[in-house]
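Take a walk through this model.

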Amino acid sequence: MINSRLNLEPVDRVKTISPEDFLEKYVKPQKPVVIEQLTHEWPAYEQWSLSYFKEIAGEVEVPLYDNRHVSAKNKVNQPHAKMKMKDYVDLLKTKSTNYRIFLFNLMNEVPELQKHYTMPNLGLKFLKKLPFLFFGAENSTVFMHYDIDFSNILHFHFEGKKRCIIYPPSETKFLYKVPNALISLNEINFNDPDLEKFPALTLAKGYEAYLEHGEALYMPEGYWHSMTYLTPGFSMSLRTLPRGAKNLSKAIYNLTIMRSFENIMRKLKGDDWINYKNKLAYRQQQKRFQKESHRK
Ligand SMILES: O=C(O)CCC(=O)C(=O)O
Ligand SMILES: [Fe+2]
């Protein structure tokens with residue numbers, strides 16, 4: 001375990017699960033679970049590796065992201081570099097890069113990959129058109145965030161080993177959320193948090209999971225997640241739309257009003273807007289923390 005100072009319990013693990021049990025025990029209560037053998041019948045389970053992707057998608061130009069902080073110039077969704085897949089896989093194996101592939105629909109470029117998996121029979125309808133891929137080198141970390149569309153996510157991991165720290169939406173109030181964004185303060189390292197500076201984190205109750213080749217993590221709607229690649233590897237995520245009207249309307253709000261407002265403010269105010277939001281996030285969180293501690 002990398003740190004035991006955050007309040008994290010291990011995610012439940014099952015080898016396999018019936019759709020009835022999955023819906024009843026995990027989807028209804030919106031609880032995460034790792035399904036260890038969901039991919040064992042897939043050709044992907046045998047075939048997918050970094051070397052295989054180099055072979056089958058070597059010439060595809062892939063967008064890459066590193067962990068530079070958000071600024072008016074560097075929008076969250078804008079790639080920081082591009083490279084051919086074959087060169088990227090070589091770089092990954094040298095272990096010394098922060099560049100990650102994030103939310104890339106490689107299946108569009110290499111449709112053959114779609115023959116290597118099937119939609120899991122878990123009682124949820126996954127969106128066939130949106131199988132996203134993520135790649136990372138040893139020790140690269142994906143900042144703490146939740147996904148804009150509030151979907152239920154099945155996150156499959158391949159090749160390496162990965163650590164996932166996740167929090168239910170109920171914990172948002174302790175996570176130093178940046179206003180009008182879906183991220184925690186960039187400055188927090190969830191693998192080694194400065195709890196003197198960010199004491200509210202000690203109140204947040206979350207989960208952690210270590211994923212190995214072929215394992216799938218179910219993350220319910222609006223769950224916060226931060227992933228660390230412990231060895232070079234890659235993941236695929238499948239998603240479903242939120243089930244209730246409340247989260248669906250939040251998703252629509254995020255994708256429309258929140259995004260446009262953010263873009264306008266960044267255009268008008270640039271980095272001042274981003275610095276203002278970060279300071280506000282910290283101040284508000286500290287105030288809430290002090291109130292909460294008084295009550296105890
Ligand atoms: O593991 C990663 O690289 C990011 C995963 C993620 O953010 C997601 O599946 O939504
Ligand atoms: Fe995500």
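Seven strands form an open sheet in the order 2-3-12-9-14-7-6, with mixed pairing. Strands are DSSP runs of E with at least two residues, helices are runs of H or I with at least four, and both are numbered from the N terminus. Two strands pair if DSSP finds at least two bridges between them. Strand 2 (12-14) and strand 6 (101-104) are the edges, each pairing on one side only. On average, neighbouring strands here are turned by 20° against each other, direction ignored (axes are lines fitted to C-alpha atoms; angles run from 0 to 180 degrees between N-to-C directions). Strands 7 and 14 pair in the antiparallel sense over five bridges. Leu133 has Met236 of strand 14 as its bridge partner.

This is a predicted model: local features need pLDDT of at least 70, side-chain atom pairs count only at pLDDT 80 or more, and totals for chains, interfaces and linings use all residues. Residues are numbered from 1 along each chain as its sequence is written, while chains are lettered from A and ligands numbered from 1 in the order in which they are written.

Now ligand 1. The residues around ligand 1 include Arg100, Asp147, His155 and His225 (C-beta atom, placed from the backbone, within 6 Å). Strands 7 (132-136), 9 (152-158), 13 (224-229) and 14 (233-240) each supply at least two residues of this shell.

Last, helix 3 (residues 50-57). Leu50, Phe53 and Ala57 are buried there (20 or more other C-beta atoms within 10 Å of their own; exposed is 12 or fewer, partly exposed in between; C-beta atoms are placed from the backbone). Ser51 and Glu55 are exposed, on the face turned away from the buried side.
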